[in-house]
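Good morning, and thank you for coming. Please look at the sequence and the structure while I speak about cavities, pockets and salt bridges.

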Amino acid sequence: MIERYSLPEMAAVWSERAKLDRWQEVEALALEGWTALGVAPAGAAEAVRAAGPVDVEAWKAREAEIHHDLAAFADVLAAAMPQHGAWLHYGLTSSDVLDTALGAALRKAAGILDRRSRTLFDVIRTRALEHRATLMVGRTHGIWAEPTTFGIKLTGWAFELARSHRRLRQATRTVSVGKVSGAVGTYAQVPPEVEEHVCRALGLEAEPAGTQVVARDRHAEFLAAVAVMGAVLERIATEIRHLSRSEVAEVAEAFGRDQKGSSAMPHKRNPIRSENVTGLARLLRGYALTGLENVALWHERDISHSSVERVTLPDACLILDFALDRTASVIRDLEVDAERMRANLEATRGVVFSQAVLLALVEAGMTRDDAYRVVQRHAADLAGDGSLHDSLADDPDLPLDAGRLAACFDAEGQLSRASVVFDRLEALTLAD
């Protein structure tokens with residue numbers, strides 16, 4: 001992933017330095033397992049760690065010669081182990097190291113994503129409760145619908161994020177797997193005890209029936225969970241973008257004193273951070289598709305998945321990490337114009353209360369279709385500065401007294417039961 005969208009903590013997980021260090025630790029743990037079985041000599045695992053970090057440039061130079069990244073790593077590391085170098089990689093195949101180290105990397109990366117999503121959840125919940133009574137127009141199809149509050153809108157986002165958090169945690173468990181079972185997964189050259197030792201030390205489960213690789217449905221599930229969380233962020237970002245439009249102007253992203261919205265038009269104040277999140281979510285969906293494509297490998301393995309995963313798994317984690325952080329900052333600093341929201345609600349001239357009038361007419365004895373047509377006609381025929389309330393009040397055939405009609409246009413009254421939404425939000429916690 002390009003530096004622009006890489007935050008330091010997640011970037012460190014996927015650095016080449018970290019990758020080689022994970023490989024080295026898997027090799028050391030495997031030798032610990034062999035030593036415990038009385039096969040490898042005492043001190044072999046310690047020799048792996050005492051050799052120090054494998055030099056990245058030396059590893060690349062060796063790979064350029066032999067065209068195999070793990071074998072090149074083993075060659076460089078073994079050369080730094082004069083006493084026990086022959087025991088390095090004993091009984092293992094490349095994927096024993098690669099996939100087990102990958103499981104450890106994904107587990108660590110997922111921990112960062114977990115913290116980021118928790119932070120975003122807390123930000124959304126705080127602002128939802130802050131704006132629980134901030135009236136605004138609810139819209140469907142982009143058209144005025146009924147009154148709602150900005151807090152209710154935010155509450156929906158909080159619950160969506162909580163569901164995505166659960167999915168990501170489940171996918172993390174699925175992908176936090178290693179395998180040290182040999183060339184085709186039969187344990188012919190390495191016993192299960194070695195695998196158990198390695199995986200336990202790394203906090204991983206052992207693949208119960210591996211081939212030469214860990215099954216890729218696991219990684220597909222992880223990428224799918226990441227993509228769904230990205231889609232949730234995109235939904236949030238898209239709504240902020242709509243509410244930021246000049247004609248709506250109900251919210252605005254924070255804008256710095258020296259910031260420029262356009263190189264040409266000084267008045268511009270664009271929702272660029274939300275647009276950025278929208279675009280990044282598209283990448284995540286693409287990565288999810290490649291994860292599905294990687295499931296069907298040939299026989300016990302091929303490496304058609306390898307080139308894909310070198311890009312998609314690190315980048316998916318980096319992108320979601322960045323998008324979660326960016327979305328949290330957008331919502332935390334979002335400028336909410338409650339007066340504009342109220343003005344836009346009033347600009348509807350009361351048509352957003354049409355259903356309330358419809359139901360009142362049904363209660364008064366009209367058929368539903370007749371009531372619907374009456375309200376529809378009055379809403380369509382509003383002229384000048386007239387309101388739906390006033391138009392209906394002037395209808396001598398309307399079977400509603402003034403008090404009952406006025407009650408239909410009381411936004412706060414209509415939203416009195418919405419408190420249950422906030423009760424649910426306050427009770428909502430993210431799973432540990």
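Predicted model: local features only at pLDDT ≥ 70, side-chain atom pairs only at ≥ 80, totals over all residues.

Arg17, for its part, is partly exposed, with a relative accessible area of 30%.

As a general point, side chains of opposite charge can pair when their charged atoms come close. In this model, the count of salt bridges comes to 27.

Arg373 counts as partly exposed at 44% relative accessibility, and Asp369 counts as partly exposed at 45%. Salt bridges can also share partners: in this way Glu25, Glu32 and Arg49 are joined into one network.

The third pair is of another kind. The side chains of Arg310 and Asp69 meet in a salt bridge of 2.9 Å, N to O. Which parts of the chain does this pair link? It links distant parts, with Arg310 in helix H11 and Asp69 in helix H5, residues 69-79, and the two are 241 residues apart. Arg310 is partly exposed, with a relative accessible area of 49%. Asp69, at 8% relative accessibility, counts as buried, because buried means under 20%.

The largest pocket has a volume of about 690 Å³. It is lined by 29 residues, and those closest to its centre are Lys19, Asp69, Leu98, Ser306 and Arg310. Which elements give two or more residues to this lining? They are helix H2 (16-36), helix H6 (94-130) and H11. H11 supplies the largest share, 9 residues. Divided by class, the lining has 12 nonpolar, 7 polar and 10 charged residues.

The second largest pocket has a volume of about 370 Å³. Of the 16 residues that line this pocket, the closest to its centre are Ser244, Arg245, Ser246, Arg269 and Pro271. Helix H9 and strand S5 (251-252) each supply at least two residues of the lining. By class, this lining contains 4 nonpolar, 4 polar and 8 charged residues.

I turn now to the cavities. How many cavities of 30 Å³ or more does a search of the whole structure find? The search finds 2. The largest cavity has a volume of about 40 Å³. Its lining consists of Leu233, Ile236, Ala237, Ile240, Arg273, Ser274, Val277, Thr327 and Val330. Three helices each supply at least two of the lining residues: H9 (217-244), H10 (272-293) and H11 (304-332). H9 gives the most, with 4 residues. The classes here are 6 nonpolar, 2 polar and 1 charged.

The second largest cavity has a volume of about 30 Å³. Around it are Arg216, His219, Ala220, Leu223, Gly291, Asn294, Glu309, Thr312 and Leu313 as lining residues. H9 and H11 are the elements that give two or more residues to this lining. By class, the lining has 3 nonpolar, 4 polar and 2 charged residues.

Which residues make a nonpolar surface patch of about 240 Å²? The patch is made by Met1, Ile2 and Leu283. Ile2 lies in the segment before helix H1 (8-13).

Thank you for your attention.

Note on methods. Residues numbered from 1 in each chain as written. Heavy atoms only, no water. 1 Å grid on protein atoms, 1.4 Å probe; cavity = no way out; pocket = protein on both sides within 12 Å on 5 of 7 lines; lining within 4 Å. Points joined across faces, edges and corners; volume = space filled by probe spheres on them. Nonpolar A, V, L, I, M, F, W, Y, C, P; charged D, E, K, R; others polar. Patch = residues over 30% accessible without salt bridge, like charges linked within 9 Å, V, L, I, M, F, W, Y side chains within 5 Å. Areas by Shrake-Rupley, 256 points an atom, 1.4 Å probe, with all protein chains shown as cover. Salt bridge = Lys/Arg side-chain N within 4 Å of Asp/Glu carboxyl O. Buried < 20%, exposed > 50% of the residue type's maximum accessible area, 1.4 Å probe, protein only.
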